[in-house]
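Please keep the structure in view while reading.

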Amino acid sequence: MPKTSKVVQREQSHEHVTESVADLLAHEEPLDYKSSSLNVGAAAGKKIPQIEVPENDGRPAWNSKLQYILAQVGFSVGLGNVWRFPYLCQKNGGGAYLVPYFILLLIIGIPLFFLELAVGQKIRRGSIGVWNYVCPHLGGIGMSSLMVCGFVGLYYNVIIGWSIFYFFQSFQYPLPWSDCPIRKNGTIAIVEPECDKSSATTYFWYRQTLNTTSTIAESGGLNIKMTLSLLVAWIIVCLAVIKGIASSGKVMYFSSLFPYVVLFCFLVRGLMLKGSVDGIAHMFTPKLEKMLEPQIWREAATQVFFALGLGFGGVIAFSSYNKMDNNCHFDAVLVSFINFFTSILATLVVFAVLGFKANIMNEKCVAENGEKILGYLNANVLSHDLIPPHVNFSHLTPSDYADVYSIIKTVKEDGFAKLGLEPCVLEDELNKAVQGTGLAFIAFTEAMTHFPASPFWSVMFFFMLINLGLGSMIGTMTGITTPVLDAYKVQKELLTVGCCIVAFLCGLLFVQRSGNYFVTMFDDYSAGLPLTVVVILENVSVAWIYGTKRFMQDLEDMLGFRPSIIYFYLWKYVSPLCLIVLISATVIEMAISPPGYNAWVQDLAQERFQSYPPWALAMCFALIIVAMLPLPIVFIARHFNLMSDGSNKLSVSYRKTMMKDISNLEEQDEARFILGAKPGDTPLSGVARKPYVTPAGNKSVDPNSLSPNVCYALEMLLDINAVEVSSHTVGRARHRYSPLVHGVSATQAVK
């Protein structure tokens with residue numbers, strides 16, 4: 001320390017020292033940190049003087065607001081909007097499902113999405129840094145988010161790899177999955193038996209694409225085609241994110257907008273198909289009694305939760321590159337509603353196409369059963385008198401077949417089952433619930449084989465899936481790389497390439513012949529429960545530990561207006577309660593549902609449910625434990641001071657701004673800034689760590705009188721063995737400087 005400093009001078013003169021914070025900080029070494037008022041030392045409900053972070057603080061920024069919005073939309077709108085939301089609508093009462101979904105979007109989705117956007121934008125760091133600042137003891141939240149992002153990214157990119165394979169297979173006419181392959185047995189050509197028992201699209205998916213085994217225990221070795229597709233997928237992702245938001249932001253212009261072009265084209269084309277209106281009508285016919293079932297609310301809450309990408313860290317990472325005064329409330333509402341309407345649009349497209357497919361299948365059923373009836377008539381098994389005169393078997397319509405079927409069933413009541421006739425009801429075809437890969441790679445591909453110019457539509461569809469997946473993967477990778485880049489001085493390009501290489505090698509688990517079953521396992525266990533726990537801890541740490549009133553004040557300072565009071569009650573009470581109910585329902589569902597998977601049995605040419613073997617069951621629970629393990633580890637380590645609180649790295653720009661403001665103070669301004677307008681005010685009581693002597697030398701401060709929320713700034717002012725500090729000065733300085741020097745000890749400040 002320079003010998004001219006006040007601290008040294010007063011040490012040599014043996015005078016009692018009442019040191020100012022400006023003096024203590026004037027000689028501080030440059031640190032690396034981002035400014036934040038989100039600390040637990042500020043007085044709740046009071047407007048805290050803050051140091052503004054300069055816009056040129058060296059952190060990358062979005063080129064435009066549109067680029068940022070497209071990035072958030074691309075991350076939140078993913079494959080789940082196309083193949084999960086329509087399935088849930090079909091399963092849970094059609095239009096009736098939209099009511100609980102919309103209600104839960106308002107009371108859970110938008111508030112929690114707004115919360116993540118706000119903390120990311122205010123603190124300007126990734127998920128690990130954000131939760132270290134809000135509540136260091138719960139700093140494991142960010143690490144758990146990173147773990148979940150890693151697990152999800154591993155298997156999510158495999159789905160993109162499958163879409164890439166189908167994309168290149170679509171450049172053929174006819175499409176390779178339009179007909180069953182013919183196998184020659186000597187001079188006789190027969191249809192592949194496995195395909196004949198199922199369907200051409202099902203056979204192509206399970207046998208020619210995945211070449212799947214019959215059990216998860218049977219590895220079957222690597223599937224070379226899927227391995228190459230996965231490699232291409234990771235190369236695309238790496239190129240998209242290698243420059244951070246500088247590259248991913250440009251990719252988002254295309255990957256976020258192109259799916260909407262395809263969806264609108266499919267909707268227009270679908271509405272021109274026969275039977276599409278039947279599918280849409282079936283979709284929006286509400287079964288209101290379903291709304292009384294708890295299951296529909298649980299599944300709606302889960303879908304809201306995952307649709308917005310809450311807890312992954314991608315939302316926080318993207319918003320951390322925003323300007324400090326960006327209106328993140330508007331962003332939260334806008335992106336949430338874009339996500340909702342995208343789900344509705346995708347559902348219209350899916351049910352228009354499925355309505356067309358259902359009509360095709362129903363007509364096929366009518367034709368096959370009509371031939372059976374005609375055979376029974378010719379063999380005198382059935383009497384011609386049973387057939388109404390208006391029925392023409394050469395042009396048998398579904399309504400005519402329904403009349404004939406009803407008559408035969410009534411007359412031949414005892415022997416009807418032996419005839420083997422099917423009812424061929426369109427409603428039954430529409431009620432066949434298909435979700436996930438079954439919808440995209442089986443049901444939709446089968447419908448497109450009946451489209452005119454089917455290769456064109458197939459190319460468009462799978463290119464859309466690639467872009468939907470890419471947008472989500474960019475957000476997932478950003479949720480992984482941003483916290484690491486914030487914490488360590490790592491070259492961005494090197495980190496990105498390294499992550500992609502490691503992820504590809506780990507992803508080889510999913511491109512075995514049994515890899516599809518591991519995708520199901522990771523989808524069921526690696527994200528659901530851990531992410532729900534992460535989000536409720538995010539909510540609790542802000543609303544209950546940091547304080548909702550204080551957070552609302554921070555938002556007012558940042559946005560220039562105070563958000564609606566409804567957010568106070570949603571963050572404080574409603575959202576935590578809903579999330580607790582969701583966690584309880586998830587745990588109960590996992591407990592009562594036997595853990596297992598749907599395996600493709602080659603001999604039967606159909607799926608059969610199988611329970612996980614013991615080692616796979618252990619792997620399922622290991623995924624949950626590993627994802628949530630950082631939460632207790634960080635809490636225990638910081639409770640016993642075994643780990644730094646993660647907040648001792650201040651940015652150079654932050655320090656420079658703080659020093660500039662403090663160094664410009666005059667002597668009288670220092671006293672007023674630190675002591676307040678009335679120097680005679682009663683000082684705040686209490687000093688942490690140990691008793692300190694006042695300038696009078698006879699009054700020590702009780703260390704037990706402090707509030708548990710006293711900030712780390714006290715440590716900076718009080719851990720000075722050589723300096724006696726006035727309790728009056730300390731009490732005032734604590735209030736003024738707690739948002740500025742969170743986590744910096746006094747020993748560091750004066751060395």
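Helices (H or I, at least four residues) and strands (E, at least two) are DSSP runs, numbered from the N terminus. The model is a predicted one, in which local features need pLDDT of at least 70, side-chain atom pairs count only at pLDDT 80 or more, and totals for chains, interfaces and linings use all residues. Residues are numbered from 1 along each chain as its sequence is written, and side-chain values use heavy atoms, with hydrogens and water left out.

Strand S3, residues 596–601, includes valine 601. This valine 601 has a relative accessible area of 17% and is therefore buried (buried means under 20% relative accessible area, exposed over 50%, partly exposed in between, with a 1.4 Å probe and protein chains only). Beyond its neighbours within four places in sequence, valine 601 contacts Ser214, Gln606, Arg608 and Gln610, a contact being heavy atoms within 4.5 Å. Its C-alpha atom is separated by 9.9 Å from that of glutamate 194, 407 residues apart along the chain.

The whole structure contains 6 of them. In one, glutamate 194 pairs with arginine 207, with 3.1 Å between the closest N and O atoms. This pair links helix H9 (residues 193–197), which holds glutamate 194, to helix H10 (residues 200–209), which holds arginine 207. Glutamate 194 is buried at 7% relative accessibility, and arginine 207 is buried at 11%.

Technical notes:
A salt bridge is a side-chain nitrogen of Lys or Arg within 4 Å of a carboxyl oxygen of Asp or Glu.
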